[in-house]
Structures are given as C-alpha cells and as structure tokens.
Amino acid sequence: MFSTNKERLDSTLKAFAPIMVLVVLLAVLGWIQPSFLSFYSLRVLVGESSVLLFLATGQTIVILFGGIDLSIAALASLASVLIALSVHTAGAPGLIGVLVLTTGIGAAQGYIHARAQVPSFVVTLAGLGLWSGTALVIAPATIPVLAGYPVVGWLNSRVFGVSTSFAFAVAALVSIMVMLRWLPFGRYVYAIGKGERAALVSGIRVVRVKMLAFALSGLFAGFAGMEMVARTHSGHPTIADALLLPCIAAVVVGGTAITGGSGGLGRTLVGVLIIAVLRVGIAVVGLDPGYEPLAYGIVVIGAVALTIDRSKITIVK
Amino acid sequence: MMEAVLRIDHLDKSFPGVQALDDVSINVGANEVVGLVGENGAGKSTLLKLIAGIDQADSGHINVRGREVSLHSVAAANDAGIGMVFQEQSLLPNVSVAENILLGHEKEAIRFGFYDWPKLNQLAAVQLGKLDAKIPPDAQTDTLSFVERQLVEFAKVLAIEERTHHEPLILLDEPTSVLEGEELETVLDQIERLREHASLIFVSHRLDEVLRVSDRIYVMTNGRCVAERDPKQCELAELQQLMLGQALGAEYDRKVTAHAVTEAATVRLSVRELRRQGCYDAVSFDIHVGEVLGIAGVEGSGREVLCRTLFGAEGVDGGEILLDGQLMCFGGCDEAVQAGIGYVPAERRTEGIIGGLSVKENMTLAHLEEVLLGPFLDLKREKEVASHWVERLQIRTPSAETPATNLSGGNQQKVVLSKWLMAKNLKILIMDHPMRGLDVGAKAEIFVLIRELAQSGIGIILIADTLDELIALSNTIIVMRDGYISQRFTVSETSPTRLQILEHMV
C-alpha cells in the first residue's frame, strides 16, 4: 500500500548505493595501490570493460521486462567465430551480416519465449547450448584474423584519449537509454516488467515488445563478439562464455531488479564499472584470478537480495 | 457488556502523507459479530491488518482477553487466537481440503514424519462440522466451487480454537464482495453459524448485509471511528450518511433510469450468432450509439468470457462481430484497442492498473499515440493530459506522478477509466464489475460517469455487481444462462424487477 518514511529512505539509499560502492572500491584500491588511480591504469580499466558493457546493456533490456538472457555470452562467442571467418572474404558487409544474424537469433528466442510461453531462462538456457555447440562445430579452435582485421580494428584505437570500443559501447548504451525513456517501446518494457497482465489488457503487443528486447540483446551480443575479435585478433568458440555471470552481476549490482520493471541502463554502467574494478582489485590485492567467479557469485546473490521487488513475487521457484 | 475478547485502545497508524488510523478504539465481545463500515480509505483494511498482525501500529494498545499483546506477525496473531479470512482466497488448489485446513499445524496428524491421513481428515472434519459444511475433507481443493472454498477458509480459521483453547476472533474482509444470489445467502448463513464458535469482525461494502449480520456496527471515516450503532435501531440511510458525512446526492438515486436511446440511433456494435465452444452459443445483440447494454447471469453463464471475446482476449468458434458496420476479427487485445474498444477488467489490481507505474503512466499506457511527437513521447504533453483527466474525473491523488498502487480502489478505477477515455476513437467500453469493492461514494461517482459516457455516444457493455445497479444503469438488459441468451429486457418507463431477471438467470 503506502510506503513508510523508512522505506522511502531505503529507496533513496538504494538508488545511490551502487555509486557509493564504486567510490569505496576505488578508494580502497587506491589506498592499497596508489598507482591504480593513475590516468593510465583507469584508462586500461575502462578499455577492458567494453565487452562487459555490451553484454550488460543487452542483458539489462531483457531483465527490465522481467526476463533473462542466459545465451548472450555464448551468442557473443559464436559471433566472434563468425566474424573471424567472414571478414576475411566478405569484409565489412560480412561483419554487418553477422550482426544481423545475432539480432535475428535474439528475436527468434524472444518470439519463442513470448509466443509459446516458455520461460525466458529455459529458452535461453537451451540457446546457450545451441550457440556454443554451433560455435564449437564451426570452429573447434582459434581462428586468427589477419587480412580482414581493419574491419574491426578501428575499435582498438583511441578517441579523445579513451578507447574507441568503450566510447562506442557507452554511445550504444546511451542510445538505448534514449529509446527506453522517449519511445513507447521503453514505456512498454517497463510496463511489462511491472505488470504483464495489465499491459496485455491495455492492448500492448507484448510478444512484439519482448521480441524487440531480445533482438537488441542479440545485437549487443554481436557487438561483444566484434569487440572480442578486435582485441584478440581472432575468433574463438568459447571466448566470451565466462562473461555470462559477470554481465548479470553488473546489471543487478547496478540496482536493476531481477524481477523486472525497475532500474535502467545508467545503473548498468555503474554496475559494469564496479565489476571491472572488482576484477582489477582481485589482481591488485594479489588473489588468484580463480577467485573472480566466487566474487561474482557473491555479488549476484547480495545485489539481488537487496534490489528484488518482493511485492511482485508470490512464489519463489 | 460482555467480556471483551478484543479491546483496542487509541490505535494510531500513519503512512507518508496519510493518517490511516487516528485514535481508534473498538472492542469485540465473545460470540459477537462486529460490523465495520466506511468508505475506501477510511481505514478499515488498515485496522484489520493491524489486528491480523500483518502491519504494526505506531502507538496504542491491543488487548486480547484482558491481556495486552504485541501482534508483530501473523503467527503471533494466530497464537493470540486471531485469524483472518482474506479477500483473495488463500487456499492451495492442488492439495486436499484437510491439508489446507491444517496447513502449518498438521503436527497432530503426523506419525513418524508421515501424514496419518485418517487422523488428518478427521481433524479437518471436526472444523467442517462446526460449519455443518458437507465438504469431504479428502476432496482436492480446486474441484470445489468458490463458495465451498470460502467455507474451507472459514474452517481453516476455526482450527485456531483447538490450538489456543479459546474460541477464535475471526476477521472477515469482504467475504461476500464477489458473490450473488444463493451463494451470497450460503455465506451469510455461515457467518451466523460462525458466531457460535467465534467472535467476528465483518467488513463489507454492502451495508444491508452488515445491518443484517452484525450485533454492533462501527462506522469509520478518514481513519477515525466516528460512530457506533446498534443495527436494530439503525437505518441503511443513516449508515450511508455517517460514512459520507453528508447526505447522498440525488445522483445515486437508483430509480432514475438512464437517458433514453432512440430506436433510430445508429448501431455501434453488432454481434451475430457468436459462438465459443463450451462457453456460449448463438449470442446476438446490437448496441446503439449511447446505449448501455447490461448483461445479467450467474457465474458460468458465459457472460465474462463473452466480454473477453469482444475485447480480443479470447477467440471465437463462429459468428460475427461488426463494429460500425465493419467485420472485426480480433487476434488479440491490441487489435481491439486499435479498433476503439476499451475494457475495464474485474481484476483491477492485476489487469486494470500497474501498481508500480505512476498515475500518469497508467493513464496513457493504452493510447500512447495520443501523446506522441513524431516517434517520441511528448512528456510535457503527457503530463498535461494526465492532469486534465485527474481534474476531469476528480481523481484524488497527491499528483499524477504518484504510483497508482497508493490510490484507493475508487480512484484506481477512475485511472482505468481515463486510460480508455483519452482515446479519441473510443467506441465501445466493456465494463466487467466496474464497481466491485468500491465504497458508496466512489460507486456513486463511477455510476454518474458511466451515464455521462453513454450520453457522449460511447456504447457500453456492463456486467454489474448487483441487479439493482444493472437495472439502474442499462438501457437494455440481456440475461444469459448456460451460454445462451435466455431473455431480453428493454428498460424504459417500466423497468424489469430483480425477480423477473433472476427467473431467467437460474
């Protein structure tokens, strides 16, 4: 019913908590290792986060309507393989072709989820198997990119001192932010996330909205694959697979509710930076990188517990 | 004065911007039925929630059988002998009646970690026996009718008696709001029977019921308990007056019939031999410009499904729907909305509004094209449109940015209405129980609104809560029984009586 003063304070705290976490993390790391706060290392840090930023952006759109995309990292890996194979012969049109394909794959997953009423985590879990399987079949090992590299290589340059890929990822995120705020599509995404039945009865084309959200998720998986090729000069069938958990962690630690309908891409940007700093931090304090997934796991559980919209949940499965 | 089972002294409870309860003191005697009436937002639900342990008071005292208690959780309230029957039924559909009745307290019927089924059924039968209900304890719950399930809820609450060794205090939050006719009688009879085993607080919007069942009535307005009445010396009109703090306007005089619709008026919607397997068959009717078509029928008569079909939410197996002479074939709600049909669903909280969205966002959700500038949302215009409707329908909300969930039921319903009214092409408005769960004042407002809408030329299909409302609002009434139209009435100088309609319903 009504929110109490305490709840209101809580929600204000929650709104700023991710930024505070980021600042505290940076401060602690700067204290342990002062050189970490240098311009150079921060630049490396953001450069490292572009793949994660692409994935987390795609993931956010799906989570906002109340779904989840578990296939996004596998699709990015598949994209890296396809891009590595196609830029050789087809050049830029080949790259665009792959992006169109991943977008279509995303849309198809969205259609199956919405039309056949299969929970999104089931559809995309199956997708995870399908796309990583396909990638492994096409390319059992690393595919080096030599002749066609300039098609993706521009991502590896710098504009105004920051890496082009990061600038591109932020620009892409901002354009989706604009879509979510100023286009009916955005309103529909939040409406479905907050109350799908009422959205349906209001005449919203729920299937279409979900398809579009998943299509965007597929497109951003393609972008992530593209950036992977640019960074490693190659395509690899499992290159992005390990980023699934971090990308979900970034979304939820930014404060977007896993239950859908609340949060946004500004929060995801902060979330991605938190994860990136966390990752560097693990290295700085001298822990084995094997501890990384452990940290993501804790972050996911902690952040979800804090941000979940309990009023929407009747049964927890 | 009997010994008080429950005594509440000076209870206060506030939410941001709202004093929900202000110095409320009531008491309930043993085996007494206490009625609690008041408009939506008067504080009845808040009070019940405090007593049931769902919410906690800011200050004040609650005494149960002379001992002060702290009702910090539902379990604590249960231990104090207090149980609540919820508005929305809270039974598990896929287990037996006995399991539901003893849910969470089946210890006695467990041997070596396993259910002792005969014992469980016997324990449940004891509770059902108190109600003289002929429901087999081993029946699966979802095979029961709505009323039977309500009785199981009662039995579940009665089981508190065995655990606390006291007769329980039962809180009934609108147990009758979705019932009609015979089913209503069954539940009211059961309330009489409950009285022999328990003390009751009964909340209902139907004042005649409250007058009939209660031993004492408290009237609440604006979070205060303003009056205490003996139903034997109190008239319906007096209660209404106390609730509203003023006399009801002539607007709510149900004898005033809707404005006349001329025979010559153009047909808006024409339904021809519509059929849906297992739901309804051979349904034909016309709705003219400005006409209110009321549909009467019991549950299962097919009228709800028919309405959902006309809104594109269900398919058809045969027949035609013509809107302004054009053949319609709705593949989904979105197509119906595009064509100019609006739908006010009975399930306001899940289908009508989206609680987490603001009043403004709820209003424009169905027709965002009205506030578009090119492909983009014109947020300034949206704000203007929303304020216009807040003012036009006198929606009581701090602002258009307030989450819709913070509004009272009547104001939420107005938000749902404005969602459809803002479309310039609105032709047909389907209203499924538009006044369900609303208090007298809000009902009167919606009532007037429906008339105004009809006058403006919109065709209205109405399923009402009571036959009185249906008769008062409709120009034409069709009665449905078992999926067929069993009778048609034209409401003019001579309205059909409730009895006449009822005859064709069952």
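Predicted model: local features only at pLDDT ≥ 70, side-chain atom pairs only at ≥ 80, totals over all residues.
View 1. The C-alpha trace of chain B spans about 70 × 50 × 50 Å along its principal axes.

View 2. Of its 506 residues, 48% are buried. Among contacts in chain B with a separation of 6 or more, 68% are between residues 24 or more positions apart.

**View 3. The side of chain B that touches chain A.** Here 26 residues of chain B are in contact with 24 residues of chain A. On chain B, the elements giving two or more residues to this side are helix 11 (333-339), helix 12 (348-352) and strand 20 (376-377). Helix 11 of chain B provides the largest share, 4 residues. By residue class, the side of chain B that touches chain A comprises 17 nonpolar, 5 polar and 4 charged residues.

**View 4. Helix 10 of chain B and the residue Gly312(B).** Helix 10 (residues 303-310) of chain B is mostly covered, with 6 of its 8 residues buried. The buried positions in helix 10 are Arg303(B), Glu304(B), Leu306(B), Cys307(B), Thr309(B) and Leu310(B). Just after helix 10 of chain B, Gly312(B) adopts a positive phi of about 85 degrees.

Technical notes. Residues numbered from 1 in each chain as written. Chains lettered and ligands numbered in written order. Contact = placed C-beta atoms within 7 Å. Nonpolar A, V, L, I, M, F, W, Y, C, P; charged D, E, K, R; others polar. Buried ≥ 20, exposed ≤ 12 C-beta atoms within 10 Å, placed from the backbone.
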